[in-house]
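Please examine the model shown below. The paragraphs that follow lead from an aromatic pair to the chain as a whole, and then to individual sites.

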Amino acid sequence: MAFENQLIAYVVLALLVALVISFLLTPVVKTFAYKVGAIDVPKDGRRMHKEPIPRLGGLAIFMGFMVSILLFVNIRGNQQMQSILLGAVIIVVLGVVDDIMALPAGLKFVVQIVAALIPALNGVTILAFSNPNIFSDRLYWVLGGLSVPFTVIWIVAITNSVNLIDGLDGLADGVSAISATTMLVIALLYSETQVAIVMAALVGACVGFMPYNLNPAKMFMGDTGATFLGYILATMSIQGLFKYYAVISFVVPFLILGLPIFDTAFAFIRRIAHGQSPMHADRGHIHHRLIDMGLNQKQAVATLYVISAILGLSAVVLTTGGEQKAMLFFVTLCIVAAVAARVVFPKEVKEELREELEELKDHGHHHEEKKDEES
């Protein structure tokens, strides 16, 4: 009982310290972003903002996180944690340079692989995960020599997945905070002290930046923040989730990070199907589709927050109540969310869609009249 109280105290303190530092440093980082020219100028249809907005907000998130970690996590002699933090520093440096001067995608990908290899070669590896085939006699698969390559793929994929959903004000920051909170709860349930404190620091750093990032955003986190958040979530999911030789070792990480994973997978499949490079930027992400359906930015972000929270709560139930309860819980929450969505903004969406359809019809009629005149 004393250990649990002490752990809760450390968790709360780690969260608060990261929150305060992230919040206080954001205006400082904002000034720095203007000086170095790290400004996001709306130059294509993918961007939702109309005015130039400074990037580099992820630097405040990173510094809030790091100060909290150095205060509350004993990293001396902890090779695995040291390797994770070293990789995070590399990711942040890469992000800062990219936010100031756009770097080639290939170079960023190579540096991300290097950053992922550092923890992967120092014991932060996915050794095994449960067999998704429930009819098989083998309960789990041992990766053996494939553990390091598989770990690198996981870290790089999640790092970029969080970056890809960073398309609306507060979206990546909020979804990362929800995912980190879910990992925090599971770590507390399993008394994983280090994972719990690290996740508390990440939640605090995200929440501290949130007032500046919510719509209308005063500052963006940029690649610095999005890739850093993805990297920490990926590496700490290995430390706190993949290590269990049970069904949760496969399902839980995919539930917690389900939104960015699905969006990235869907984007890659869509682009390949259209004969494009998987890295080709487009306006087909989930958040773009919600906007095109008639939702405004706040409604779209709130919808994706709810989806992320549903997945996170389902992961918590799965770790405590088993597969059947988790499935029932997930279905129930999905139904509640669908009903709530219809109650909250059905009229606005229908009216906006109706207006768009009328505009398309008017444009079509105008086009036909013009053709008749020309003939």
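Phenylalanine 65 and phenylalanine 228 are both buried, where buried denotes under 20% relative accessible area, exposed over 50%, and partly exposed the range in between, with a 1.4 Å probe and protein chains only. The model is a predicted one, in which local features need pLDDT of at least 70 and side-chain atom pairs count only at pLDDT 80 or more, while totals for chains, interfaces and linings use all residues. Residues are numbered from 1 along each chain as its sequence is written, and side-chain values use heavy atoms, with hydrogens and water left out.

The protein chain comprises 14 helices and 4 strands; helices (H or I, at least four residues) and strands (E, at least two) are DSSP runs numbered from the N terminus. Of the 375 residues in the protein chain, 47% are buried. Among contacts in the protein chain with a separation of 6 or more, 73% are between residues 24 or more positions apart, a contact being heavy atoms within 4.5 Å.

The aromatic side chains come next. A pair of aromatic rings is described by the distance of the centres and the angle of the planes. The structure holds 4 aromatic pairs; rings of Phe, Tyr and Trp (its six-membered ring) pair if their centres lie within 6.5 Å, and planes under 30 degrees apart count as stacked, over 60 as edge-to-face and the rest as tilted. One of the 4 pairs is formed by phenylalanine 23 and tyrosine 212, which are tilted, at 5.3 Å centre to centre and 40° between the planes. Because phenylalanine 23 lies in helix 1 (residues 2-36) and tyrosine 212 in helix 7, this pair ties together parts that are 189 residues apart in sequence. Phenylalanine 23 is partly exposed, at 35% relative accessibility, whereas tyrosine 212 is buried, at 16%.

The pair of phenylalanine 65 and phenylalanine 228 is edge-to-face, with 5.3 Å centre to centre and 70° between the planes. This pair links distant parts of the chain, since phenylalanine 65 is in helix 2 (residues 57-72) and phenylalanine 228 in helix 8 (residues 222-240), 163 residues apart. Together with Phe62, Phe65 and Phe228 form one aromatic cluster.

Helix 7 also carries glycine 204, in the span of residues 193-213. Glycine 204 is buried, with a relative accessible area of 0%. Beyond residues up to four places away in sequence, glycine 204 touches Leu15, Ala18 and Leu19. The C-alpha atom of glycine 204 is separated by 8.1 Å from that of alanine 177, 27 residues apart along the chain.

Helix 6 contains threonine 182, which is buried at a relative accessible area of 7%. Not counting residues up to four places away in sequence, threonine 182 touches Ile256, Gly312, Ala315 and Val316. Helix 6 (residues 171-189) also supplies the largest share of the lining of the largest cavity, with 4 residues. On a 1 Å grid over the protein atoms alone, a cavity is a set of points where a 1.4 Å probe fits but cannot get out, and its lining residues have an atom within 4 Å of a point. The structure holds 1 cavity of 30 Å³ or more. The volume of the largest cavity is about 30 Å³, and its lining includes Val162, Ile165, Ala172, Leu233 and Pro260.

Serine 147 is placed in helix 5 (residues 147-164) and is buried, with a relative accessible area of 10%. A polar atom of the side chain of serine 147 lies 3.0 Å from the backbone oxygen of glycine 144. Apart from neighbours within four places in sequence, serine 147 is in contact with Ile126 and Leu127.

The backbone remains to be considered. Most residues other than glycine have a negative phi, and most peptide bonds are trans. Leucine 56, although not a glycine, has a positive phi of about 75°; leucine 56 lies in the loop between strand 2 (53-54) and helix 2 and is buried, at 0% relative accessibility. Serine 191, likewise not a glycine, has a positive phi of about 55°. The loop between helix 6 and helix 7 holds serine 191, which is partly exposed at 37% relative accessibility. Asparagine 215 and proline 216 are joined by a cis peptide bond, with omega about -5°, and proline 216 is in the loop between helix 7 and helix 8.

Technical notes:
On a 1 Å grid over the protein atoms alone, a cavity is a set of points where a 1.4 Å probe fits but cannot get out, and a pocket is an open set with protein on both sides within 12 Å along at least five of seven lines; lining residues have an atom within 4 Å of a point. Grid points are joined across faces, edges and corners, and a volume is the space filled by probe spheres set on the points. A polar contact is a pair of N or O atoms within 3.5 Å; within protein, one must be able to donate a hydrogen and the other to accept it, and residues adjacent in sequence count only if both atoms are side-chain atoms.
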